[in-house]
Every structure is written in C-alpha cells, then in structure tokens.
Amino acid sequence: MADHLIRATAAEGGIRVVGAITTRLTDEARQRHQLSYVATAALGRTMTSGLLLASSMKRAGSRVNIRVKGDGPLGGVFVDAGLDGTVRGYVDNPAIELPPNARGKLDVGAAVGHNGYLHVIRDIGYGYPYASTVELVSGEIGEDVASYLVTSEQTPSALVVGVFVEPDGATAAGGLLVQVLPKAARDESLVELLESRIGGLSGFTPLLQAGKTLPQIFEDLMGDLGLQVFSDTQLLRFHCGCSFDRMLGALKMLGEEELRDMIVKDDGAEAICHFCNEVYQADSDHLENLIEELKANALSNG
Ligand code: ZN
C-alpha cells in the first residue's frame, strides 16, 4: 500500500483528525541515509509529524520545517514537509544505535536526548514564516510535537507517531493527529474523552500491524462522535528538490578563486545533499564553465 494521508472531522466539525501511513517513505529515508534502527525511528516519527502538521495549512506550496536538537548522541533531526505530501529529512549521526528502553522499544528519547529544543517553522510561501520553539518534553518526538501544538498554537491536541523497524527495514510507520478546535474546546469533557482514548492507544504501529486502515482507526477512536471521513486520499512520498543544476548554482556562489582551487586540487568537485544523501559530481569542465559564466556576469555588470 502506498503511503497516504486521510482527514476526517467529528463532533460537528469541532474535532479535526488526520492520519498518515508513512512506512515506505520512512524506509526510503533509512536506505538513503543508512540509518540505524533508532535513527530510523527518530527520523520517521519526525517526518510523520511534519506531514501531519503541514496537512492543516491552506495555501498551496506551504511547508513545515521541524528541527529537533537534543543533548543525545543522535545530534539534530531535520525535516522539511509539504502540504503537497512530500517530505525529506536527515539526522546528524545516522549510525548511532542504542539498546531498547525499559518497555523493549527503540529508545528514541535517549538517542535524541531528553533536554533540548523543538523548533517549528511554518512557511506559507510569502511574507515572514511563523517560527516557534519549545523545550523537549521527552525527546520521543510525539510528545514534543504535541507540546508544541498545545503551547505555541494553543489547540488541545493529541498526537501519536510510531515506527516499527525490523532487520530488513521499516515495516510499519505512521501517525495520528487529533485536534479540538476552539468551538468544541470549551467542552472540557470532550477534550478529556479524546485525551483518554488517544492515551489508551499502545502506540500507532500495532494498529497497522493488526491490519487496520486509517478510516477503521478513526472509526474505532471516535465513531460514536459523529465521525465524517473525507473521501480524498493524499499520497505521501520522500522527495527532495535538489538537482545537479542547483548544486552547480551553489558552487558558482563560491566564486572564481575557490573554483580554480577545486580544479587544481581535486580535478572537480563533489557535493552531497544533506536532505537526501544524493551525491553530485562536477568535473573540471563544469567548473570551468561556471568560471566563464562568472566572468561574463562581471563584464555585463561592469
Ligand atoms: Zn537532495
């Protein structure tokens, strides 16, 4: 089944629900970055969170960037997710592995670190992006993003994200975001009811492993609350907008002297995209062309 996202509402529009299945894109990230088990879980959870957050934005081209910076051995986690269903991301130290935690699960909290910050930038494509930072709650990602939603966006929210990794890769990944909108948030019993139901889930991946679809998961959680599942399904995928031409553009900005240096010392240049680990090779001819372009620009500007 292809990765996808589905939206629903309940309680006459007072509750907003979004679910995402992200197994394939998480495994693509694992393969591209050669992620360890725990790094796969950390990045998969963060990418899923990014897609869930981006799904509430309205304007085409909107994106959400999440930076998680804790004091654990994994270093930073960086994700860029779009309303269009594309996502990319990386971690600083992809090879870090840790023993399972006390519950026998991948210890994402220890890998990320329990102390540090979660930084979220919402960019609607024009004007100033909206940025906000919260302290990490646990480094487990789900709780940290939920804390961001409650403190920065002041929307009662419950979020579950999960990644299950086996020796041959990520075999189940996804998440669920439930938000109580202002008109229903005054109904405290409704907020409590939802919190207890979401809190009662023993994670998200067991639901997928039990063969549940997103509409079935929604139904189980709030079928009695006037659930309405939207029929449009959005496909999700790992995608990076980098290209050879963009890499050349970045090299050109280094200037003639630096480019000459690369030709003499390395007979070319190699650039690796942080986000997707794609390797781009520029040979001396490419670099000579860039120098010619710089000279032509200088003449026309002079
Ligand atoms: Zn890339």
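1. Four cysteines hold the zinc ion: C240, C242, C273 and C276 each coordinate through SG, at 2.3 Å. Donors here are N, O and S atoms within 2.8 Å of the metal (3.2 Å for Na, K and Ca), and water is not among the atoms, so sites may look incomplete.

2. The ideal angle for four tetrahedral donors is 109.5 degrees.

3. Along the chain, the donors follow the spacing C-x1-C-x30-C-x2-C. Distant parts of the chain are linked by C240, in the loop between strand 12 (237–238) and helix 9 (244–252), and C273, in the loop between strand 13 (268–272) and strand 14 (279–283), 33 residues apart. Helices (H or I, at least four residues) and strands (E, at least two) are DSSP runs numbered from the N terminus.

4. Both C240 and C273 are buried, meaning under 20% relative accessible area (1.4 Å probe, protein chains only).

5. On the basis for all this: the model is predicted, with local features needing pLDDT of at least 70 and side-chain atom pairs pLDDT 80 or more, while totals for chains, interfaces and linings use all residues. Residues are numbered from 1 along each chain as its sequence is written, and side-chain values use heavy atoms, leaving out hydrogens and water.

Methods
Buried means under 20% relative accessible area, exposed over 50%, partly exposed in between (1.4 Å probe, protein chains only).
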